[in-house]
Amino acid sequence: MNYLSIEGLTKSFGDRIIFEDLTFGINQGQKVAIVAKNGAGKTTLLRCITGVESFDEGRIIFRNDLRVAFMEQNESLNPENTILEEVFSHDLPELKAIQSYNHALLTNDEKLIANAFEKITEHHAWGTEAKVKQILSILKLNDTSQKIRTLSGGQKKRVALAKVLIADPDFLILDEPTNHLDLDMIEWLEEYLSKSSATILMVTHDRYFLEVVCDTILELEDKTIYKYKGNFSYYLQKKAERQEQLQATITKAKNQFRKELEWMRRQPKARGTKQKARIDAFFETKKTAKQRIDSDEIDIPVKMKRLGNKILELHNVSKSFNDTKILDRFTYTFKRKERLGIVGDNGVGKSSFLNLILGKEKTDSGKIIVGDTVVFGYYNQEQLEVDEPDKKVIDIIRDIAEFIPLEKGRQLSASQFLEKFLFPREMHYNFVRKLSGGEKRRLKLMTVLMKNPNFLILDEPTNDLDIFVMSVLEDYLRNFQGCLIVVSHDRYFMDKMVDHLFVFEGKGNIKDITGNYTKYRKLKLEEARKNKQNNQSTPNKSTVKKEKEKTKLSYKEKREFEQLEKDLEALEKEKTTLTTVLYSGDATNEELMKAGQRLKIVVELIDEKTDRWLELSEFI
């Protein structure tokens, strides 16, 4: 059943065409993601679809009586509402019934309570009330009496997300839903949307999210739409195949163009008698031959100052802000080629830790020693600041240097450096203020890297960057020979970039875990299961008696326990193999589909068998 039809949609800003003659449809139950490079028009397309933005030509048709909810990238919330008022600000009878019931409880009016109780029952809204509480709790919006105007940007983003989820729409449209969410929230949202029966259209740069949630990818490129019916791995393979075919067509057109050009250059008198069809074909061939396929590669052999023996040392460092303890007598010595990831809930002090290292904050006690050879490069979450409104892209680079020194005495001009960073020549003299959010972040990242640091500190570097830029940034960082610290909620990025983690647990506690984010997550799940078992409510007397009697495993349970260990080891190996297949780029379409389906089953089996293993291990 078709839920949305887009026919011949065209949108331009002045003389710049954003997209042209887009035609596609979305059916009931589909989970669709739009991917594109920064500035290609993803957000503009969503705003046109939802009626927030006008368009030049075409038609947008939703199926009648659909409940549609849209979460914008920049939240449009009423600043005078409380959190609870804002998330309930839908014209939906079940939400109004719950709101009336909560109000009646506050007034303690029995008649109002009875009426509201009947309304909730009439609209079958008791489950909705439980759902509201669960969503607000997961998104850590516990004080629902707070005014929207008092919230941070991250909190407003979570309110906007809660608002659309609570609406329980038939068609859910999300623009960057994972921004400003911590890792636990992202994983919860991933599971929630995977199980949801809603039809979903989203823009996201989270590659794990695209892999797990989406079954269709729409790529917005060259002002048109390419549709891939599969998840992110399938899209990558099919895009590569499409580019190979296009390259073959371009090569063929170039050869043909050379032959036809010679024919076209004959005497002017002869050209007057040429066949019109052949002349038209010549210009079509010329157009095809001039096409380019961007390689999306950053290859910058920067000249980096060599790190000495002493790099960065923290000795018994303590730091608090009012009653919030960030560090408590923390000691650590950084080594060469350190690749550290930092994770933890929002507000536990990750950014403050970076500011201490950089000398932007003073320690309460202890000392931080920075080696003489260390050159920090710091990329933070703030937008690129431009001191003049008419500043152009190339001016940002030239303000730092006209030429960038490279290895072996070579150098790059400002223009060449911009091209290496995927800014084509036609963009060099664009006003910075006209760039998209992702393009500004990419430009800011350039200003950090071009100073040739040997100790990079990246605070949420992937926010607002498209998946293509993230991929080439990963290639650059893999070849980076200095030290690297990354704070990120991008799980895929963390898995590829770091080899150990600082886990900020709050109250000054920092745990150092060897391995990437996936390993940390597995350890955390095991710990949560054990805590859940330890914190179970006191059982009744008969259960206590039964548990006291059971002090060891039966023969059958021992055999089961041994088999579980073998099964889990085999499943973990299979999971690694399947993940390698999915991200290798060498697998066929059929192999990718089979691997994706099997991986889902394997992950469920691992969870199931781990639960049973933990249960039996209590008696080993």
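Q: What makes up the negative surface patch?
A: Glu20, Asp21, Asp56 and Glu57 form the patch; patches are made of residues with over 30% relative accessible area and no salt bridge, with like charges joined within 9 Å and nonpolar side chains (Val, Leu, Ile, Met, Phe, Trp, Tyr) within 5 Å. A salt bridge is a side-chain nitrogen of Lys or Arg within 4 Å of a carboxyl oxygen of Asp or Glu, and Asp and Glu count as negative, with the place of the charge taken as CG of Asp or CD of Glu. This is a predicted model, in which local features need pLDDT of at least 70, side-chain atom pairs count only at pLDDT 80 or more, and totals for chains, interfaces and linings use all residues. Residues are numbered from 1 along each chain as its sequence is written, and side-chain values use heavy atoms, leaving out hydrogens and water.

Q: Why is aspartate 56 called partly exposed?
A: Its relative accessible area is 41%, and because buried means under 20%, exposed over 50% and partly exposed in between (1.4 Å probe, protein chains only), aspartate 56 counts as partly exposed. Aspartate 56 lies in the loop between α1 (42-49) and β4 (57-62).

Q: Why does aspartate 21 count as exposed?
A: Aspartate 21 has 52% relative accessibility, so the residue counts as exposed. Aspartate 21 is placed in strand β2 (residues 16-27), strands being DSSP runs of E with at least two residues.

Q: What is the phi of aspartate 21?
A: Aspartate 21 is not a glycine, yet its phi is positive, at about 55 degrees. Most residues other than glycine have a negative phi.

How values were computed. Areas by Shrake-Rupley, 256 points an atom, 1.4 Å probe, with all protein chains shown as cover. Helix = DSSP H or I, 4+ residues; strand = E, 2+ residues; numbered from the N terminus.
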